[in-house]
Amino acid sequence: MEGTESSDKASWTKEMVHTFCDICIVAIDREMRPNTQFDKVGWKFVMAAFKKKIGYAFTKTQLKNKWDGAKKDWRLWKKLISETGVGWNSDLETISASDEWWAKKAQVSY
């Protein structure tokens, strides 16, 4: 984590991501997100709460990048999990699907 404050690219542990999400939920519940992003007060709250909880001072840019990436991942996860025959294995924290589904997806070229 050395140099985190000055770097645009942040390294995130699983604990940090969970903490960030919990803090964002609190900010949303406190109506600090009038639209799709936090307002100025919201970002200050998220930054201060994250630093207090984790001990690292990430910049607004680093936190916003995580927010934007998490939203993108969430949309993709929701789309994937809604497909027929796909589920979520909470124990393994992975997608679960039939062998046929995986074989079909493996044939798709991107």
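I began with the largest pocket, which is lined by 16 residues, and of these C21, W67, A70, K71 and W74 lie nearest its centre. A pocket here is an open set of points on a 1 Å grid over the protein atoms alone, where a 1.4 Å probe fits, with protein on both sides within 12 Å along at least five of seven lines, and lining residues have an atom within 4 Å of a point. The model is a predicted one, in which local features need pLDDT of at least 70 and side-chain atom pairs count only at pLDDT 80 or more, whereas totals for chains, interfaces and linings use all residues. I number residues from 1 along each chain as its sequence is written, and side-chain values use heavy atoms, with hydrogens and water left out.

I then looked up which elements build the lining: helix 1 and helix 3 are the elements that give two or more residues to it, and helix 3 gives the most, with 8 residues. Helices (H or I, at least four residues) and strands (E, at least two) are DSSP runs numbered from the N terminus. The lining divides into 9 nonpolar, 3 polar and 4 charged residues.

Next I searched the whole structure for aromatic pairs and noted 10 of them. F38 is buried at 5% relative accessible area, and W67 is buried at 9%, where buried means under 20%, exposed over 50% and partly exposed in between (1.4 Å probe, protein chains only).

I also recorded W74 and W77 as a stacked pair, 5.2 Å centre to centre with 20 degrees between the planes. Both lie in helix 3, 3 residues apart, about one turn of the helix, and W77 is partly exposed at 29%.

Last, I checked backbone angles. E31, in the loop between helix 1 and helix 2, has a positive phi near 60 degrees without being a glycine, and is exposed at 67%. E93, in the loop between strand 1 (86-89) and strand 2 (94-97), likewise is not a glycine and has a positive phi of about 55 degrees; E93 is partly exposed at 42%.

Note on methods. Phe/Tyr/Trp six-rings, centres within 6.5 Å; stacked < 30°, edge-to-face > 60°. Nonpolar A, V, L, I, M, F, W, Y, C, P; charged D, E, K, R; others polar.
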